[in-house]
Amino acid sequence: MDFTDVSLTALRVFRAVAEQGTFTAAAATLGYTQSAVSRQIAAIERAAGAELLERRRDGVRLTAAGHLVMRRATVVLDEIDAAARELSGLPGQAGTVRLGWFPSAGAVLVPRVLTALRRTDPCLDVVGREGSTPALVRALRAGSLDLALLASAPPFRPPDAESPPLELRTLTERALRLAVPATHPLARGDFVDVADLRGQRWITGSTSGADGLMGVWPGLDERPDIAHTARDWLAKLHLVAAGCGLTTVPDSLAPAAPPGVRILPVRGGPQEQRRLLLARLPHPPTETVTRVATALRAAALDLDTPERAQPSV
């Protein structure tokens with residue numbers, strides 16, 4: 001099989017595996033069976049005459065040949081997607097920027113940026129996707145994202161150990177906050193003492209793996225009582241509003257808190273800082289990427305005020 005005969009389906013599957021990091025995750029994203037994904041990868045590797053993916057215990061990584069194919073595949077797939085948009089009646093765009101973000105950034109920051117860009121750059125097309133920080137980093141490395149908003153917690157290590165290092169810019173650094181039901185005794189003051197967090201019930205984002213305590217205040221000296229698990233930030237905040245427990249939130253989510261929730265600082269222990277990072281590959285950005293990056297920095301600065309009004313309760 002000649003590589004020029006590789007199907008678009010195989011290219012899309014290959015890109016999904018490279019971005020998701022495992023065959024299983026790619027299959028779930030595409031709605032395919034894992035065996036179908038494996039067949040497509042086998043076909044594209046036969047056509048390439050080389051291994052494109054290094055199989056490891058913790059997933060897959062692109063080989064040198066894989067990086068080459070990924071760069072070209074991204075161009076081909078982006079052009080096909082652009083053609084599909086034009087054929088569906090959308091006007092031609094002055095430029096397209098592919099932006100990724102972690103879930104909570106999509107609640108407040110990203111909508112503000114896209115609204116601003118529609119006013120200032122109406123011909124600029126921002127194609128976006130939400131993902132975990134590891135998935136977004138893989139997508140940057142694979143060349144299928146131009147920019148990514150990443151979350152970072154102490155000790156603020158680089159998001160991966162690949163070379164060359166990603167270009168990282170800190171947009172904000174603010175303290176982690178606590179979401180409390182407005183009817184909870186802890187909501188009566190302007191802050192929560194860390195000692196009062198003992199014995200509370202928690203709403204977390206996951207109960208397994210590295211994110212097992214996501215949503216629980218870091219450093220608690222007891223086994224947390226996890227009442228509910230929800231991946232979606234809005235779902236977690238509505239569970240808080242219903243009085244089902246407490247959860248941690250980045251400060252930037254305060255404007256998105258629903259009625260019945262107070263977002264409060266925690267005192268009495270080390271401040272738990274969180275950074276919002278803007279990441280890209282270390283090569284000169286295009287003009288359109290620069291314009292989107294500038295809009296992201298401006299919106300982050302606008303949100304990064306010392307105090308914001310609490311939402312109504």
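In which helix does Ile 80 lie? In this predicted model, Ile 80 is part of helix α4, which covers residues 64–87.

**Surface patch**
- Together with Leu 8 and Val 76, Ile 80 forms a nonpolar patch on the surface, and the accessible area of these residues together is about 200 Å².
- Ile 80 counts as partly exposed because its relative accessibility is 35%, a value in between the limits of 20% for buried and 50% for exposed.

- The strands of an open sheet of 3 follow the order β11-β7-β12, and their pairing is antiparallel.
- Strands β11 (247–249) and β12 (261–264) are the edge strands, each of them pairing on one side only, while the twist from one strand to the next averages 35°.
- Strand β7, made up of residues 177–181, runs antiparallel to β12 and is joined to β12 by 4 bridges.
- Val 180 has Arg 262 in β12 as its bridge partner.
- Helix α7 (residues 233–241) packs on the sheet, where it touches β7, β11 and β12, and the direction of helix α7 makes about 130° with that of β11.

**Leu 303**
- Leu 303 is found in helix α8, which spans residues 287–303.
- With a relative accessibility of 7%, Leu 303 counts as buried, because buried means under 20% relative accessible area.
- Although Leu 303 and Arg 112 are 191 residues apart in sequence, their C-alpha atoms are 9.8 Å apart in space.

Methods. Residues are numbered from 1 along each chain as its sequence is written. This is a predicted model: local features need pLDDT of at least 70, side-chain atom pairs count only at pLDDT 80 or more; totals for chains, interfaces and linings use all residues. Side-chain values use heavy atoms; hydrogens and water are left out. Patches are made of residues with over 30% relative accessible area and no salt bridge: like charges are joined within 9 Å, nonpolar side chains (Val, Leu, Ile, Met, Phe, Trp, Tyr) within 5 Å. Accessible areas come from the Shrake-Rupley method with a 1.4 Å probe; for residues, only the protein chains shown count as cover. A salt bridge is a side-chain nitrogen of Lys or Arg within 4 Å of a carboxyl oxygen of Asp or Glu. Helices (H or I, at least four residues) and strands (E, at least two) are DSSP runs, numbered from the N terminus. Buried means under 20% relative accessible area, exposed over 50%, partly exposed in between (1.4 Å probe, protein chains only). Two strands pair if DSSP finds at least two bridges between them. Axes are lines fitted to C-alpha atoms, for helices over the stretch in contact, and angles run from 0 to 180 degrees between N-to-C directions. Contact means heavy atoms within 4.5 Å.
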